[in-house]
Amino acid sequence: MSALPHPDLVLFQGEKPFPILPAVDHYAGSEKLMLKALGVQQELGPVFDITCDCEDGARAGAEAEHATMAADIVMSNENHFGRVGARIHDITHEHWEADVDILVGKAGQRLAFLTIPKPRSSADVARQIEAIRSAELRHGVDRAIPVHVLIETHGALREAWEIAALDRVESLDFGLMDFVSGHHGAIPGSAMRSPGQFDHPLIARAKCDIAAAALANGVVPSHNVTTELKDIDYIRRDAERARQEFGYLRMWSIHPNQIAPILEAMRPNFSEVEEAGQILAAAQDKQWGPIQHAGKLHDRASYRYYWELLKRARATGMSIPDDATKRFFLQ
């Protein structure tokens, strides 16, 4: 098997690889909740990310202490999988640069990503990315930390395509609550929850624009959180609508109860995963030339689709056919 060319080597030659991220981004604001989330992650595996929240989690006047604590969490032995990131303060806050310096300086080698909230433009994002790069150089961090950008202002939505095209940007995240608040009462509060968050035209337009900008630029679109904490079916339906109707590949979580139903909703169809394994195995045996499968022609265009589907399935914890696992994931 090892002598056969791997899909990563032949299907995306010269192209920017699309990031395959866990389907859930779980936010935790306090040390207690961060450690609890790490415990859940140890049980389930790296099927969800954890974001240590230095924006809403920090008390006024204790920002440095909070950022230091978050960096310690990232570097702790409890972080088994290296899938812990952090959200810094927005560019108008006096402590955002100190957030960057502390997090990069203390945890830059293990930070999965840094999330930038409330940018007003692509220029804001570019400035904060440059600050991250400078901190890496200053602290001897020999990697480029990925950046996730929250789209929650009118200006950021207007420039979503420019933001998605910036170097290092790995995810565009929709910030529903702040976006609704920014309309000064023109959008009703009911649009902060379902079904309004999917049906209100201004919200639906924003979600579509963000997903389109992200996907066109090889960036993962990440959906806002659902405010429901207990009704599992409600949470699952929100995630299903985000995935199936708006093209989002990832969604926020703010309570451990939300992780499993979001994962379930974001997983590909099992029969399609099985079919992907069969098609890719046959294609690899033919050196990635055209094949017939179940009476239909397949070539590199469909191989790219099925390979990314297979990687997303694995990232959500789905069982992958044994042959596909041996061929593509044990090298």
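Is Cys 54 buried or exposed? I looked this up first: Cys 54 is buried, at a relative accessible area of 1%. For this entry, buried is under 20% relative accessible area, exposed is over 50%, and partly exposed is in between (1.4 Å probe, protein chains only).

**Ground rules.** I am working with a predicted model, where local features need pLDDT of at least 70, side-chain atom pairs count only at pLDDT 80 or more, and totals for chains, interfaces and linings use all residues. Residues are numbered from 1 along each chain as its sequence is written, and side-chain values use heavy atoms, with hydrogens and water left out.

**Cysteines.** I looked for disulfides, meaning pairs of cysteine sulfur atoms within 2.5 Å, and the structure has zero. Cys 52 is in no disulfide, and its nearest cysteine sulfur, on Cys 54, is 6.9 Å away. Cys 52 counts as buried because its relative accessibility is 0%.

**Helices H2 and H3.** I note helices as DSSP runs (H or I, at least four residues) and strands likewise (E, at least two), numbered from the N terminus. H2 covers residues 31-44 and H3 covers residues 63-75; they pack at about 15 degrees with axes 11 Å apart. The axes are lines fitted to C-alpha atoms, for helices over the stretch in contact, and angles run from 0 to 180 degrees between N-to-C directions. H2 and H3 are therefore roughly parallel (under 35 degrees; over 145 is roughly antiparallel, 65 to 115 roughly perpendicular, the rest oblique). Which residues meet here? From H2 I find Glu 31, Met 34, Leu 35 and Leu 38, and from H3 His 66, Met 69 and Ile 73; contact means heavy atoms within 4.5 Å.

**Gln 128.** This residue sits in helix H5 (residues 122-139). At 0% relative accessibility, Gln 128 counts as buried. Leaving out residues up to four places away in sequence, Gln 128 touches Ile 88, His 89, Asp 90, Ile 91, Trp 96 and Ile 116.

**Backbone notes.** Which peptide bond is cis? I found the one from Ser 194 to Pro 195, with omega near 0 degrees. Pro 195 lies in the loop between helix H8 (176-181) and helix H9 (196-199).

I also noted positive phi in residues other than glycine: Lys 118 has phi near 50 degrees, and Trp 288 has phi near 70 degrees. Lys 118 is in the loop between strand E4 (114-116) and H5, and counts as partly exposed at 22% relative accessibility. Trp 288 is in the loop between helix H13 (270-285) and strand E9 (291-293), and is buried, with a relative accessible area of 2%.
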